[in-house]
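Subject: Structure handover

Hello,

Here is the structure I said I would pass on. Please open it beside this message and follow along; the notes on what was found come after it.

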Amino acid sequence: MMSSGYTSIDNQKVSGGGGSVPAVPDPGHVTVKFAESNLQTFPPSETQGKISDSFSKPASGSNSSEEQQPSGWLRTFTVAAYKPYFDVDTSDVLERIKDSLFPFKGSFNEKTSSNPDLYGPFWICTTLIFVAAAIGTFVTYVAHKVQKKEWDYDINMVTWSAGLFYGYSMVVPLGLYIILKYFSAPSGLVQLWCLYGYSLFVFIPASCLSIIPYEIVRWAVVGVAGFMSATFVALNLRAHITSAGERWFLIVAGIFLLQLGLAVVLKMYLFTVTV
């Protein structure tokens with residue numbers, strides 16, 4: 001009797017909670033907003049990129065004691081200031097490298113105007129440094145072994161090539177930025193760094209082809225690479241250069257001479273065999 005009583009009470013409790021369980025309201029789909037960024041100044045005034053920072057904003061109930069990000073020139077010393085310049089993926093970098101190998105298109109600036117990056121230029125320069133140093137060392141090693149002479153590894157090839165390519169990709173665009181601004185034809189500084197960084201990619205396969213043990217072939221390879229690099233930069237800056245007035249020819253000549261000079265220095269120092 002006791003057990004049946006408890007059973008009836010339990011059944012009443014179960015049946016007493018009759019009715020369907022209220023449904024949880026559907027929050028709906030979360031949408032990601034894509035916003036184009038115009039990264040033409042350095043350092044950037046605000047964090048921008050391919051994807052907006054709508055999810056990076058703290059919730060209304062978050063801790064108010066969280067540190068605020070510095071503003072103004074203090075942002076230069078923060079990681080967040082440089083984050084937009086690395087907001088690219090593999091497909092973006094490969095597409096821009098492909099454009100640099102077809103210099104006569106002249107559409108690189110148009111494609112990268114809303115999102116120029118420094119990720120590709122950094123790794124291109126870094127790869128070029130080690131490839132050029134490795135190939136140059138291999139060329140001199142083979143030449144010494146063929147003539148049966150003693151060979152010593154020169155660590156200065158790495159440090160010298162690092163100073164050459166890092167310095168060139170930073171200083172030359174900065175100088176061109178000042179010149180274009182002086183002639184009232186300004187171009188974004190980050191855009192110039194991006195353009196010049198990708199223009200150096202052609203020297204990577206050129207360095208690999210310098211293994212061929214014929215001086216005339218090495219000179220031809222380096223000359224073609226220098227011409228392609230110079231043409232790539234000049235054609236993508238033609239809109240800014242032609243608007244600089246009558247002295248646009250001097251700017252074009254300077255671009256070509258500097259790029260060809262880089263190719264000659266690369267050949268003379270790294271790929272010239274001295275035994």
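A residue counts as buried when its relative accessible area is under 20%, as exposed when it is over 50%, and as partly exposed in between. Glu 95, with a relative accessible area of 37%, is therefore partly exposed. Please keep in mind that this is a predicted model.

Salt bridges

Side chains of opposite charge can pair when their charged atoms come close. A search of the whole structure turns up five salt bridges. One of them joins the side chains of Lys 111 and Glu 95, at 3.8 Å from N to O. Lys 111 sits in helix H3 (residues 108–112) and Glu 95 in helix H2 (residues 90–100), so this pair links distant parts of the chain, 16 residues apart. Lys 111 has a relative accessible area of 44%, so this residue is partly exposed.

Lys 111 also meets the side chain of Asp 99 in a salt bridge, at 3.4 Å from N to O. Because Asp 99 lies in H2 and Lys 111 in H3, the pair ties together parts that are 12 residues apart in sequence. Asp 99 has a relative accessible area of 5%, so Asp 99 is buried.

Another salt bridge is formed by Glu 215 and Arg 218, whose closest N and O atoms are 3.0 Å apart. Both residues lie in helix H8 (residues 215–236), three residues apart, which is about one turn of the helix. Glu 215 is partly exposed at 36% relative accessibility, whereas Arg 218 is buried at 5% relative accessible area.

Which residues of H2 are buried? They are Val 93, Arg 96, Ile 97, Asp 99 and Ser 100. These residues cover an arc of only 160 degrees around the axis, so they lie on the same side of H2. Thr 90 and Leu 94, on the other side of H2, are exposed. The cover over the buried residues of H2 includes H3, helix H4 (119–146), helix H6 (189–199) and H8.

H4 has 28 residues, which at 1.5 Å a residue should span 40 Å; the end C-alpha atoms of H4 are 41 Å apart, which agrees. Just after H4, Lys 148 takes a positive phi of about 55 degrees.

In soluble globular proteins, nonpolar side chains tend to be buried together. The largest nonpolar core here has 42 residues, and those touching the most other members are Phe 165, Leu 176, Tyr 198, Leu 200, Phe 203, Leu 237 and Ile 255. At least two residues of this core come from each of H2, H4, helix H5 (156–182), H6, helix H7 (203–209), H8 and helix H10 (248–270).

Leaving aside neighbours within four places in sequence, Ile 255 is in contact with Leu 176, Tyr 196, Ala 230, Val 233, Ala 234, Leu 237 and Ile 241. Another core lies apart from the largest one and has five residues, among them Tyr 85, Leu 118, Leu 189 and Trp 193.

Regards

Conventions. Residues are numbered from 1 along each chain as its sequence is written. This is a predicted model: local features need pLDDT of at least 70, side-chain atom pairs count only at pLDDT 80 or more; totals for chains, interfaces and linings use all residues. Side-chain values use heavy atoms; hydrogens and water are left out. A salt bridge is a side-chain nitrogen of Lys or Arg within 4 Å of a carboxyl oxygen of Asp or Glu. Helices (H or I, at least four residues) and strands (E, at least two) are DSSP runs, numbered from the N terminus. Buried means under 20% relative accessible area, exposed over 50%, partly exposed in between (1.4 Å probe, protein chains only). The arc is that of the directions from the helix axis to the C-beta atoms. Contact means heavy atoms within 4.5 Å. The expected span of a helix is 1.5 Å times one less than its number of residues. A nonpolar core is a set of buried Ala, Val, Leu, Ile, Met, Phe, Trp, Tyr and Cys residues joined through side-chain atoms within 4.5 Å.
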